[in-house]
Amino acid sequence: MSTDNDVSAVLDKVFSQILKSNIFINREVLRPDYIPDELPHREEQIAKLGSILAPSLRGYRPSNVFIYGLTGTGKTAVTKYVIKKLYNKAVELGLDIIHCYINTRQDDTTYRVILRLAECTNLRLPFTGISTAEAYRRFLRALDSRGGIMIVVLDEIDFLIKRQGDELLYRLTRSGDELHNSKISIIGITNDLKLVEDLDPRVRSSLGEIEMVFPPYNAIQLEDILKRRAKMAFNPNAIDNSVISLCAALAAREHGDARRALDLLRVAGEIAEREGSTVVTRDHVYKALKEIERDRVGEVIMTMPLHSKLVLLSILYLTRGGGKTTTGDVYTYYKSLCSKIGIESVTQRRVSDIIGELDMAGIITAKVISRGRYGKTRIISLAVPEDIVIKTLKEDPYLEPLLSWD
Ligand SMILES: Nc1ncnc2c1ncn2[C@@H]1O[C@H](COP(=O)(O)OP(=O)(O)OP(=O)(O)O)[C@@H](O)[C@H]1O
(Lines give C-alpha, C1' and ligand atoms only; values in the text may rest on other atoms or scores of the structure.)
Protein backbone atom coordinates (compact mmCIF):
# COMPACT_ATOMS: atom_id res chain seq x y z
CA MET A 1 0.00 0.00 0.00
CA SER A 2 1.36 3.44 -0.86
CA THR A 3 1.62 5.98 1.92
CA ASP A 4 1.21 9.75 1.80
CA ASN A 5 4.98 10.03 1.92
CA ASP A 6 5.40 7.80 -1.17
CA VAL A 7 2.85 9.83 -3.11
CA SER A 8 4.44 13.09 -2.11
CA ALA A 9 7.89 11.80 -3.13
CA VAL A 10 6.51 10.82 -6.55
CA LEU A 11 4.99 14.28 -6.95
CA ASP A 12 8.25 15.97 -5.92
CA LYS A 13 10.06 13.94 -8.57
CA VAL A 14 7.51 14.87 -11.28
CA PHE A 15 7.69 18.57 -10.35
CA SER A 16 11.46 18.73 -10.35
CA GLN A 17 11.64 16.75 -13.63
CA ILE A 18 9.40 19.32 -15.33
CA LEU A 19 11.19 22.28 -13.73
CA LYS A 20 14.58 20.95 -14.83
CA SER A 21 13.43 20.09 -18.32
CA ASN A 22 14.30 22.35 -21.20
CA ILE A 23 12.54 20.44 -23.95
CA PHE A 24 9.92 23.14 -24.51
CA ILE A 25 10.38 26.85 -24.84
CA ASN A 26 6.66 27.47 -25.39
CA ARG A 27 4.37 24.46 -25.37
CA GLU A 28 1.24 26.63 -25.71
CA VAL A 29 1.83 27.00 -29.44
CA LEU A 30 1.12 23.28 -29.85
CA ARG A 31 -2.30 23.49 -28.19
CA PRO A 32 -5.33 22.96 -30.47
CA ASP A 33 -6.84 26.39 -29.74
CA TYR A 34 -3.67 28.35 -30.56
CA ILE A 35 -4.10 30.39 -33.76
CA PRO A 36 -0.73 30.80 -35.44
CA ASP A 37 0.24 33.97 -37.31
CA GLU A 38 0.75 32.00 -40.48
CA LEU A 39 -1.22 29.11 -41.92
CA PRO A 40 0.91 27.52 -44.63
CA HIS A 41 -0.86 25.58 -47.39
CA ARG A 42 -4.11 27.39 -46.79
CA GLU A 43 -3.26 30.54 -48.77
CA GLU A 44 -5.96 29.78 -51.34
CA GLN A 45 -8.71 29.29 -48.72
CA ILE A 46 -7.62 32.41 -46.80
CA ALA A 47 -7.75 34.50 -49.97
CA LYS A 48 -11.12 33.08 -50.96
CA LEU A 49 -12.76 33.59 -47.56
CA GLY A 50 -11.18 37.05 -47.34
CA SER A 51 -12.68 38.05 -50.67
CA ILE A 52 -16.10 36.68 -49.68
CA LEU A 53 -16.11 38.73 -46.47
CA ALA A 54 -14.49 41.88 -47.87
CA PRO A 55 -17.78 43.52 -49.05
CA SER A 56 -18.64 44.02 -45.36
CA LEU A 57 -15.95 46.74 -45.34
CA ARG A 58 -18.15 48.70 -47.75
CA GLY A 59 -21.36 48.04 -45.86
CA TYR A 60 -22.64 45.13 -47.96
CA ARG A 61 -23.75 41.84 -46.48
CA PRO A 62 -21.24 39.15 -47.42
CA SER A 63 -22.66 35.91 -48.85
CA ASN A 64 -23.25 33.13 -46.37
CA VAL A 65 -20.56 30.48 -46.53
CA PHE A 66 -20.71 26.80 -45.78
CA ILE A 67 -17.29 25.34 -45.04
CA TYR A 68 -16.72 21.62 -44.85
CA GLY A 69 -13.82 19.22 -44.73
CA LEU A 70 -12.46 16.45 -42.53
CA THR A 71 -11.16 17.16 -39.02
CA GLY A 72 -7.90 19.04 -38.62
CA THR A 73 -7.94 20.53 -42.10
CA GLY A 74 -7.72 24.09 -40.79
CA LYS A 75 -11.36 25.20 -41.14
CA THR A 76 -11.58 26.85 -37.73
CA ALA A 77 -8.05 28.25 -37.83
CA VAL A 78 -8.54 29.82 -41.28
CA THR A 79 -11.94 31.27 -40.38
CA LYS A 80 -10.71 32.82 -37.12
CA TYR A 81 -7.60 34.12 -38.86
CA VAL A 82 -9.55 35.85 -41.65
CA ILE A 83 -12.16 37.28 -39.25
CA LYS A 84 -9.42 38.70 -37.02
CA LYS A 85 -7.75 40.41 -39.99
CA LEU A 86 -11.09 41.71 -41.24
CA TYR A 87 -11.97 43.06 -37.82
CA ASN A 88 -8.60 44.82 -37.50
CA LYS A 89 -9.11 46.39 -40.91
CA ALA A 90 -12.60 47.53 -39.94
CA VAL A 91 -11.27 49.15 -36.76
CA GLU A 92 -8.56 50.87 -38.79
CA LEU A 93 -11.25 52.27 -41.10
CA GLY A 94 -13.49 53.25 -38.20
CA LEU A 95 -16.20 50.74 -39.21
CA ASP A 96 -18.36 48.72 -36.87
CA ILE A 97 -18.41 45.05 -37.83
CA ILE A 98 -19.79 42.70 -35.19
CA HIS A 99 -18.29 39.24 -35.24
CA CYS A 100 -19.56 36.34 -33.22
CA TYR A 101 -17.92 32.92 -32.97
CA ILE A 102 -20.11 30.15 -31.56
CA ASN A 103 -19.16 26.51 -31.25
CA THR A 104 -22.43 24.60 -31.25
CA ARG A 105 -20.87 21.52 -29.68
CA GLN A 106 -20.51 23.68 -26.55
CA ASP A 107 -23.59 25.87 -27.03
CA ASP A 108 -25.76 23.07 -28.30
CA THR A 109 -29.32 24.36 -27.95
CA THR A 110 -31.13 26.97 -29.98
CA TYR A 111 -31.62 29.06 -26.85
CA ARG A 112 -27.93 29.01 -25.93
CA VAL A 113 -26.93 30.02 -29.43
CA ILE A 114 -29.35 32.96 -29.23
CA LEU A 115 -27.89 33.91 -25.82
CA ARG A 116 -24.44 34.01 -27.38
CA LEU A 117 -25.67 35.98 -30.42
CA ALA A 118 -27.26 38.49 -28.07
CA GLU A 119 -24.06 38.73 -26.01
CA CYS A 120 -22.17 39.70 -29.17
CA THR A 121 -24.49 42.69 -29.51
CA ASN A 122 -23.91 43.52 -25.81
CA LEU A 123 -27.38 42.34 -24.84
CA ARG A 124 -27.62 40.10 -21.78
CA LEU A 125 -30.63 37.80 -21.94
CA PRO A 126 -31.86 35.82 -18.94
CA PHE A 127 -30.80 32.14 -18.86
CA THR A 128 -34.40 31.05 -18.30
CA GLY A 129 -37.87 32.51 -18.09
CA ILE A 130 -38.46 33.69 -21.64
CA SER A 131 -39.35 31.65 -24.71
CA THR A 132 -36.87 30.97 -27.49
CA ALA A 133 -39.05 33.03 -29.85
CA GLU A 134 -38.98 35.98 -27.45
CA ALA A 135 -35.21 35.68 -26.97
CA TYR A 136 -34.76 35.70 -30.73
CA ARG A 137 -37.00 38.76 -31.11
CA ARG A 138 -35.02 40.66 -28.43
CA PHE A 139 -31.74 39.75 -30.08
CA LEU A 140 -32.91 41.00 -33.49
CA ARG A 141 -34.19 44.22 -31.92
CA ALA A 142 -30.88 44.83 -30.14
CA LEU A 143 -28.94 44.17 -33.32
CA ASP A 144 -31.15 46.42 -35.42
CA SER A 145 -30.97 49.32 -32.97
CA ARG A 146 -27.20 48.99 -32.96
CA GLY A 147 -26.98 48.65 -36.77
CA GLY A 148 -24.12 47.37 -38.91
CA ILE A 149 -23.07 44.03 -40.24
CA MET A 150 -22.85 40.96 -38.05
CA ILE A 151 -20.74 38.01 -39.12
CA VAL A 152 -21.75 34.88 -37.26
CA VAL A 153 -19.53 31.80 -37.28
CA LEU A 154 -21.33 28.60 -36.30
CA ASP A 155 -18.60 26.02 -35.82
CA GLU A 156 -19.37 22.29 -35.56
CA ILE A 157 -22.84 23.24 -36.77
CA ASP A 158 -23.79 19.55 -37.07
CA PHE A 159 -24.22 19.39 -33.27
CA LEU A 160 -26.89 22.08 -33.34
CA ILE A 161 -28.69 20.62 -36.35
CA LYS A 162 -28.71 17.07 -34.97
CA ARG A 163 -30.06 18.21 -31.61
CA GLN A 164 -32.38 21.00 -32.57
CA GLY A 165 -33.04 20.79 -36.30
CA ASP A 166 -32.43 23.62 -38.73
CA GLU A 167 -35.12 26.09 -37.68
CA LEU A 168 -32.72 28.68 -36.22
CA LEU A 169 -30.50 28.49 -39.28
CA TYR A 170 -33.47 28.99 -41.50
CA ARG A 171 -34.59 32.03 -39.52
CA LEU A 172 -31.10 33.54 -39.43
CA THR A 173 -30.68 33.15 -43.17
CA ARG A 174 -34.05 34.91 -43.64
CA SER A 175 -33.38 37.62 -41.03
CA GLY A 176 -33.02 40.24 -43.79
CA ASP A 177 -36.84 40.47 -43.93
CA GLU A 178 -36.98 41.58 -40.28
CA LEU A 179 -33.91 43.83 -40.07
CA HIS A 180 -33.78 47.44 -41.33
CA ASN A 181 -30.45 48.83 -40.13
CA SER A 182 -28.36 45.70 -39.91
CA LYS A 183 -27.51 42.53 -41.77
CA ILE A 184 -26.45 39.07 -40.71
CA SER A 185 -24.04 36.90 -42.61
CA ILE A 186 -23.37 33.32 -41.56
CA ILE A 187 -20.36 31.06 -41.84
CA GLY A 188 -21.31 27.45 -41.05
CA ILE A 189 -18.51 24.95 -40.44
CA THR A 190 -18.78 21.17 -40.25
CA ASN A 191 -16.72 18.03 -40.68
CA ASP A 192 -19.80 15.88 -41.08
CA LEU A 193 -20.00 15.50 -44.82
CA LYS A 194 -23.10 13.35 -44.53
CA LEU A 195 -24.93 16.18 -42.78
CA VAL A 196 -24.30 18.39 -45.77
CA GLU A 197 -26.01 15.87 -48.06
CA ASP A 198 -28.94 15.37 -45.66
CA LEU A 199 -29.59 19.05 -44.99
CA ASP A 200 -32.96 20.44 -45.99
CA PRO A 201 -32.41 21.85 -49.51
CA ARG A 202 -33.85 25.29 -48.59
CA VAL A 203 -31.38 25.65 -45.71
CA ARG A 204 -28.49 24.26 -47.72
CA SER A 205 -29.09 26.71 -50.53
CA SER A 206 -29.37 29.77 -48.29
CA LEU A 207 -26.59 28.79 -45.91
CA GLY A 208 -24.35 27.62 -48.70
CA GLU A 209 -24.61 30.64 -50.98
CA ILE A 210 -20.95 29.82 -51.32
CA GLU A 211 -19.48 26.44 -50.37
CA MET A 212 -15.85 25.83 -49.56
CA VAL A 213 -14.27 22.42 -49.19
CA PHE A 214 -11.03 22.06 -47.23
CA PRO A 215 -8.95 19.12 -48.50
CA PRO A 216 -6.80 17.06 -46.12
CA TYR A 217 -3.10 17.93 -45.93
CA ASN A 218 -0.54 15.54 -47.38
CA ALA A 219 2.46 14.32 -45.35
CA ILE A 220 4.80 16.93 -46.86
CA GLN A 221 2.44 19.78 -46.03
CA LEU A 222 1.96 18.46 -42.48
CA GLU A 223 5.72 18.29 -42.05
CA ASP A 224 6.01 21.90 -43.11
CA ILE A 225 3.25 22.97 -40.68
CA LEU A 226 4.91 21.04 -37.85
CA LYS A 227 8.37 22.45 -38.57
CA ARG A 228 7.16 26.01 -38.21
CA ARG A 229 5.32 25.25 -34.97
CA ALA A 230 8.18 23.17 -33.58
CA LYS A 231 10.55 26.10 -34.08
CA MET A 232 8.46 28.16 -31.66
CA ALA A 233 7.62 25.33 -29.28
CA PHE A 234 10.85 23.40 -28.74
CA ASN A 235 14.35 24.14 -27.70
CA PRO A 236 16.32 23.74 -30.98
CA ASN A 237 18.55 21.03 -29.52
CA ALA A 238 15.65 19.02 -28.19
CA ILE A 239 14.14 17.92 -31.50
CA ASP A 240 15.32 16.90 -34.94
CA ASN A 241 13.71 16.67 -38.34
CA SER A 242 13.29 12.88 -38.31
CA VAL A 243 10.94 13.18 -35.31
CA ILE A 244 8.88 15.82 -37.11
CA SER A 245 8.61 13.82 -40.32
CA LEU A 246 7.57 10.75 -38.35
CA CYS A 247 4.73 12.72 -36.70
CA ALA A 248 3.67 14.03 -40.11
CA ALA A 249 3.77 10.58 -41.72
CA LEU A 250 1.79 8.98 -38.88
CA ALA A 251 -0.84 11.75 -38.94
CA ALA A 252 -1.17 11.48 -42.73
CA ARG A 253 -1.88 7.72 -42.55
CA GLU A 254 -5.67 8.08 -42.17
CA HIS A 255 -6.21 11.54 -43.57
CA GLY A 256 -3.96 14.59 -43.29
CA ASP A 257 -5.16 15.89 -39.94
CA ALA A 258 -3.04 18.79 -38.59
CA ARG A 259 -4.58 18.52 -35.13
CA ARG A 260 -3.48 14.90 -34.83
CA ALA A 261 0.02 15.77 -36.08
CA LEU A 262 0.35 18.59 -33.54
CA ASP A 263 -1.02 16.42 -30.72
CA LEU A 264 1.54 13.73 -31.53
CA LEU A 265 4.36 16.23 -31.41
CA ARG A 266 3.15 17.80 -28.16
CA VAL A 267 2.53 14.49 -26.38
CA ALA A 268 5.89 13.10 -27.58
CA GLY A 269 7.54 16.18 -26.05
CA GLU A 270 5.62 15.73 -22.81
CA ILE A 271 6.62 12.06 -22.58
CA ALA A 272 10.28 12.99 -23.16
CA GLU A 273 9.94 15.59 -20.41
CA ARG A 274 8.33 13.12 -17.99
CA GLU A 275 11.07 10.61 -18.64
CA GLY A 276 13.73 13.22 -17.90
CA SER A 277 15.14 12.94 -21.44
CA THR A 278 16.94 15.91 -22.99
CA VAL A 279 15.75 15.19 -26.53
CA VAL A 280 12.53 13.98 -28.15
CA THR A 281 13.13 10.71 -29.98
CA ARG A 282 11.17 8.59 -32.46
CA ASP A 283 10.50 6.22 -29.61
CA HIS A 284 8.68 9.01 -27.75
CA VAL A 285 6.53 9.59 -30.85
CA TYR A 286 5.48 5.91 -30.91
CA LYS A 287 4.66 6.10 -27.21
CA ALA A 288 2.63 9.26 -27.88
CA LEU A 289 0.73 7.46 -30.63
CA LYS A 290 -0.26 4.73 -28.17
CA GLU A 291 -1.19 7.21 -25.45
CA ILE A 292 -3.39 9.27 -27.78
CA GLU A 293 -5.08 6.15 -29.16
CA ARG A 294 -5.72 4.90 -25.61
CA ASP A 295 -7.29 8.23 -24.65
CA ARG A 296 -9.42 8.31 -27.78
CA VAL A 297 -10.70 4.75 -27.43
CA GLY A 298 -11.26 5.21 -23.69
CA GLU A 299 -13.29 8.35 -24.26
CA VAL A 300 -15.42 6.84 -27.03
CA ILE A 301 -16.26 3.79 -24.88
CA MET A 302 -16.84 5.77 -21.70
CA THR A 303 -19.45 8.01 -23.32
CA MET A 304 -21.38 5.16 -25.00
CA PRO A 305 -24.92 4.30 -23.81
CA LEU A 306 -25.32 1.20 -21.60
CA HIS A 307 -26.64 -1.13 -24.34
CA SER A 308 -23.73 -0.26 -26.63
CA LYS A 309 -21.36 -1.07 -23.78
CA LEU A 310 -23.13 -4.40 -23.24
CA VAL A 311 -22.81 -5.25 -26.93
CA LEU A 312 -19.13 -4.34 -26.79
CA LEU A 313 -18.69 -6.46 -23.68
CA SER A 314 -20.29 -9.41 -25.50
CA ILE A 315 -17.92 -8.96 -28.43
CA LEU A 316 -14.99 -8.70 -26.02
CA TYR A 317 -15.98 -11.96 -24.31
CA LEU A 318 -16.63 -13.87 -27.55
CA THR A 319 -13.38 -12.76 -29.24
CA ARG A 320 -11.00 -13.06 -26.27
CA GLY A 321 -7.42 -13.75 -27.35
CA GLY A 322 -7.90 -12.36 -30.86
CA GLY A 323 -10.87 -14.50 -32.04
CA LYS A 324 -13.86 -13.66 -34.23
CA THR A 325 -17.62 -13.86 -33.69
CA THR A 326 -20.91 -13.25 -35.54
CA THR A 327 -23.91 -10.97 -35.06
CA GLY A 328 -26.12 -13.91 -33.96
CA ASP A 329 -23.72 -15.03 -31.24
CA VAL A 330 -23.25 -11.47 -30.03
CA TYR A 331 -27.02 -11.06 -29.73
CA THR A 332 -27.44 -14.30 -27.74
CA TYR A 333 -24.63 -13.39 -25.35
CA TYR A 334 -25.83 -9.79 -25.04
CA LYS A 335 -29.33 -11.02 -24.05
CA SER A 336 -27.87 -13.24 -21.34
CA LEU A 337 -25.95 -10.24 -19.94
CA CYS A 338 -29.14 -8.15 -19.86
CA SER A 339 -31.00 -10.80 -17.89
CA LYS A 340 -28.05 -11.16 -15.50
CA ILE A 341 -28.27 -7.49 -14.55
CA GLY A 342 -32.07 -7.44 -14.75
CA ILE A 343 -32.66 -5.03 -17.62
CA GLU A 344 -34.71 -5.43 -20.77
CA SER A 345 -32.74 -6.18 -23.93
CA VAL A 346 -33.11 -4.23 -27.18
CA THR A 347 -34.05 -5.92 -30.48
CA GLN A 348 -31.61 -7.84 -32.67
CA ARG A 349 -32.00 -5.12 -35.26
CA ARG A 350 -30.86 -2.46 -32.80
CA VAL A 351 -27.92 -4.64 -31.75
CA SER A 352 -27.01 -4.91 -35.40
CA ASP A 353 -27.10 -1.08 -35.65
CA ILE A 354 -24.91 -0.80 -32.55
CA ILE A 355 -22.40 -3.19 -34.16
CA GLY A 356 -22.35 -0.85 -37.17
CA GLU A 357 -21.74 2.15 -34.90
CA LEU A 358 -18.87 0.40 -33.09
CA ASP A 359 -17.38 -0.42 -36.47
CA MET A 360 -17.68 3.22 -37.60
CA ALA A 361 -15.98 4.38 -34.40
CA GLY A 362 -13.05 2.05 -35.13
CA ILE A 363 -13.55 -0.02 -31.94
CA ILE A 364 -14.39 -3.23 -33.81
CA THR A 365 -14.14 -4.52 -37.36
CA ALA A 366 -17.33 -6.01 -38.79
CA LYS A 367 -17.12 -7.56 -42.26
CA VAL A 368 -20.32 -8.62 -44.00
CA ILE A 369 -20.09 -12.10 -45.54
CA SER A 370 -22.66 -14.07 -47.44
CA ARG A 371 -23.66 -17.49 -46.08
CA GLY A 372 -25.44 -18.61 -49.24
CA ARG A 373 -29.05 -19.52 -48.58
CA TYR A 374 -28.65 -18.62 -44.88
CA GLY A 375 -28.36 -14.96 -45.85
CA LYS A 376 -25.67 -12.61 -44.67
CA THR A 377 -23.85 -12.22 -41.39
CA ARG A 378 -21.06 -10.12 -40.03
CA ILE A 379 -17.73 -11.47 -38.89
CA ILE A 380 -16.70 -9.35 -35.97
CA SER A 381 -13.36 -8.81 -34.28
CA LEU A 382 -12.01 -6.28 -31.83
CA ALA A 383 -9.96 -3.50 -33.49
CA VAL A 384 -8.38 -2.06 -30.32
CA PRO A 385 -6.36 -3.65 -27.49
CA GLU A 386 -8.46 -5.80 -25.11
CA ASP A 387 -6.92 -4.24 -22.00
CA ILE A 388 -8.15 -0.71 -22.87
CA VAL A 389 -11.69 -2.02 -23.40
CA ILE A 390 -11.66 -3.99 -20.14
CA LYS A 391 -10.22 -1.09 -18.16
CA THR A 392 -12.78 1.38 -19.50
CA LEU A 393 -15.80 -0.92 -19.16
CA LYS A 394 -14.80 -1.69 -15.57
CA GLU A 395 -15.26 1.97 -14.74
CA ASP A 396 -19.01 1.54 -15.32
CA PRO A 397 -20.54 0.28 -12.04
CA TYR A 398 -23.24 -1.69 -13.93
CA LEU A 399 -20.67 -3.63 -15.91
CA GLU A 400 -17.94 -4.13 -13.36
CA PRO A 401 -19.50 -7.35 -11.92
CA LEU A 402 -19.90 -8.80 -15.44
CA LEU A 403 -16.21 -8.47 -16.11
CA SER A 404 -15.02 -10.95 -13.51
CA TRP A 405 -14.65 -13.91 -15.85
CA ASP A 406 -10.84 -13.76 -15.67
N1 LIG B 1 -2.20 25.36 -42.30
C2 LIG B 1 -1.99 25.29 -41.00
N3 LIG B 1 -0.88 25.81 -40.45
C4 LIG B 1 -0.67 25.76 -39.12
N5 LIG B 1 -1.48 25.16 -38.27
C6 LIG B 1 -2.61 24.62 -38.75
C7 LIG B 1 -2.91 24.65 -40.12
N8 LIG B 1 -4.09 24.01 -40.32
C9 LIG B 1 -4.51 23.60 -39.11
N10 LIG B 1 -3.62 23.96 -38.16
C11 LIG B 1 -3.71 23.68 -36.75
O12 LIG B 1 -4.27 22.38 -36.59
C13 LIG B 1 -5.22 22.34 -35.52
C14 LIG B 1 -6.57 21.93 -36.06
O15 LIG B 1 -7.04 22.91 -36.99
P16 LIG B 1 -8.56 23.41 -37.03
O17 LIG B 1 -9.14 23.41 -35.64
O18 LIG B 1 -8.61 24.65 -37.81
O19 LIG B 1 -9.18 22.21 -37.84
P20 LIG B 1 -10.69 22.01 -38.28
O21 LIG B 1 -10.67 21.71 -39.73
O22 LIG B 1 -11.53 23.15 -37.81
O23 LIG B 1 -11.03 20.70 -37.47
P24 LIG B 1 -12.42 20.20 -36.81
O25 LIG B 1 -13.34 19.92 -37.94
O26 LIG B 1 -12.04 18.96 -36.07
O27 LIG B 1 -12.88 21.31 -35.90
C28 LIG B 1 -5.19 23.71 -34.91
O29 LIG B 1 -4.31 23.72 -33.83
C30 LIG B 1 -4.67 24.61 -36.03
O31 LIG B 1 -4.00 25.73 -35.51
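This is a predicted model: local features need pLDDT of at least 70, side-chain atom pairs count only at pLDDT 80 or more; totals for chains, interfaces and linings use all residues.
Student: Which residues of α16 are the buried ones?
Tutor: Val351, Ile354, Ile355 and Leu358. Looking down the axis of α16, these buried residues fall within an arc of 105 degrees, so they line one face of the helix.

Student: Why would residues with that spacing point the same way?
Tutor: An α-helix has 3.6 residues a turn, so positions three or four places apart point the same way.

Student: And which residues are exposed on the other side of α16?
Tutor: Arg349 and Met360 are exposed there.

Student: How far does α16 reach, end to end?
Tutor: α16 covers residues 348–360, which is 13 residues, and reaches 18 Å from its first C-alpha to its last. That is close to the 18 Å expected at 1.5 Å a residue.

Student: Switching to α10. What span should that helix have?
Tutor: α10 has 15 residues, 219–233, and at 1.5 Å a residue they should span 21 Å. The end C-alpha atoms of α10 are 20 Å apart, which agrees.

Student: Which residues of α10 are buried?
Tutor: Leu222, Glu223, Ile225, Leu226, Arg229, Ala230 and Ala233 are buried. They cover an arc of only 165 degrees around the axis, which puts them on the same side of α10.

Student: What covers the buried residues of α10?
Tutor: The cover includes α11 (241–252) and α12.

Student: On to the ligand. Which residues come nearest?
Tutor: There are 20 residues around the ligand, and Thr71, Gly74, Thr76, Ala77 and Ala258 come nearest.

Student: Which helices supply at least two residues of the shell around the ligand?
Tutor: α3 (75–92) and α12 (258–274) each do.

Student: How do the shell residues divide into nonpolar, polar and charged?
Tutor: Nine are nonpolar, eight are polar and three are charged.

Student: Which domains does the shell draw at least three residues from?
Tutor: From each of domain 1 (43–214) and domain 2 (220–300).

Student: How is the whole chain divided?
Tutor: Into domain 1 (43–214), domain 2 (220–300) and domain 3 (304–403).

Student: What distance separates the centres of domain 1 and domain 3?
Tutor: 41 Å, with the centres taken over C-alpha atoms.

Terms used. Residues are numbered from 1 along each chain as its sequence is written. Helices (H or I, at least four residues) and strands (E, at least two) are DSSP runs, numbered from the N terminus. The expected span of a helix is 1.5 Å times one less than its number of residues. A residue is buried if 20 or more other C-beta atoms lie within 10 Å of its own, exposed if 12 or fewer, and partly exposed in between; C-beta atoms are placed from the backbone. The arc is that of the directions from the helix axis to the C-beta atoms. A residue is near a molecule or strand if its C-beta atom, placed from the backbone, lies within 6 Å of it. Ala, Val, Leu, Ile, Met, Phe, Trp, Tyr, Cys and Pro count as nonpolar, Asp, Glu, Lys and Arg as charged, and the others, Gly among them, as polar. Domain bounds come from an automatic or database domain assignment. Two residues are in contact if their C-beta atoms, placed from the backbone, lie within 7 Å.
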